[in-house]
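Dear colleague,

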Amino acid sequence: MSACVAGIDSAGVLLEGLDNPLRASPLVQFFDCRLMRYKGNFDGAIQSYTSSLESSTYVKEINVLLHHEIGILRFQLQEWNSSIDHLLKCFHEGRWGKILYAYLIGLCYGVMKDVAKAQEFITQVPGLNVMKGAPLEMFLTDRATLLTKDHLSNPSICSLLAMEIIYFLNCPQLLLEPLSRSMMAGLEAVTNPTFIPLRYFIQGRLHEDLKETKDAIQCYREAIRMGDQLCTSKNGFVSCGEHVPAFASYELAVLLCKSKLTFDEGKEFFAKSGDGYKACHFRNRLHVKIHLAKKAFGES
């Protein structure tokens, strides 16, 4: 996270150094807004993105990007109807990413208890996997294939899956603080055994965003323990479940390595995360994260 913050600060300095004509360009304004989003200024980012959409300068590709950003922000803010409006623009007008937009829109409808609409979009996901072998597409295809009508009729499960995809879209934080606390309580309604490890993982991330390190560590440990149990139970969980204990092990390792008292245990969880989950989704991404984190802690 510290490396992310440093990168955000460096990007801000770079953008500030541009001359006025460049700063007025749609592309630079887009990155300006993204910096606001990464700094947690969701309202400011949405306002700026919306102003860019309403400007006289129209470039279709930029407009689709703007709708994407607003749609994701509304998604994080749990403003599901507004998110759908922007994501539908991306789904119909964008050339790429239709599989992601179908999945996100389906989850929005699931949270709002419109099961028919949720099914309509989620069932499209496997057929939209045009980039065979791409990590995100493979993950979304597996997730969508495993989601049943019962899952989609449970708003708590759909909310949990919404938090999961926000994490894997590399958003620096899942939610703003007030929403984090309400989401934490709401996720307790998820009792389906298949999703319990994910529930603990997401609760760990929420605790971490709220600077509640001890609670985050406890949740990550539970995500790993219960995720490992399901991964060895041969009930189909492995096909779309190993990423939960794998990334929980990584997040736990980072937190443990911040203290001299738990540094050695943290190193063990880095090893477990990198070597213990051969069927893990986003495995290459995980290995890069492990490498960068170990380097930051002075480990090779």
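F168 and F282 are both buried, that is, under 20% relative accessible area with a 1.4 Å probe and protein chains only. The model is predicted: local features require pLDDT of at least 70 and side-chain atom pairs pLDDT 80 or more, whereas totals for chains, interfaces and linings use all residues. Residues are numbered from 1 along each chain as its sequence is written, and side-chain values use heavy atoms, without hydrogens and water.

Twelve aromatic pairs were found in the whole structure; rings of Phe, Tyr and Trp (its six-membered ring) pair if their centres lie within 6.5 Å, with planes under 30 degrees apart termed stacked, over 60 edge-to-face and the rest tilted. Y167 and F168 are edge-to-face, at 4.9 Å between centres and 90° between planes. Y167 counts as buried because its relative accessibility is 8%. F168 also forms a stacked pair with F282, at 4.5 Å and 15°. This pair links distant parts of the chain, 114 residues apart: F168 belongs to helix 11 (residues 155-168), and F282 to the loop between helix 16 (263-275) and helix 17 (283-296). Helices here are DSSP runs of H or I with at least four residues, numbered from the N terminus. One aromatic cluster includes F139, F201 and Y220 together with Y167, F168 and F282.

Definitions and conventions: Buried < 20%, exposed > 50% of the residue type's maximum accessible area, 1.4 Å probe, protein only. Helix = DSSP H or I, 4+ residues; strand = E, 2+ residues; numbered from the N terminus.
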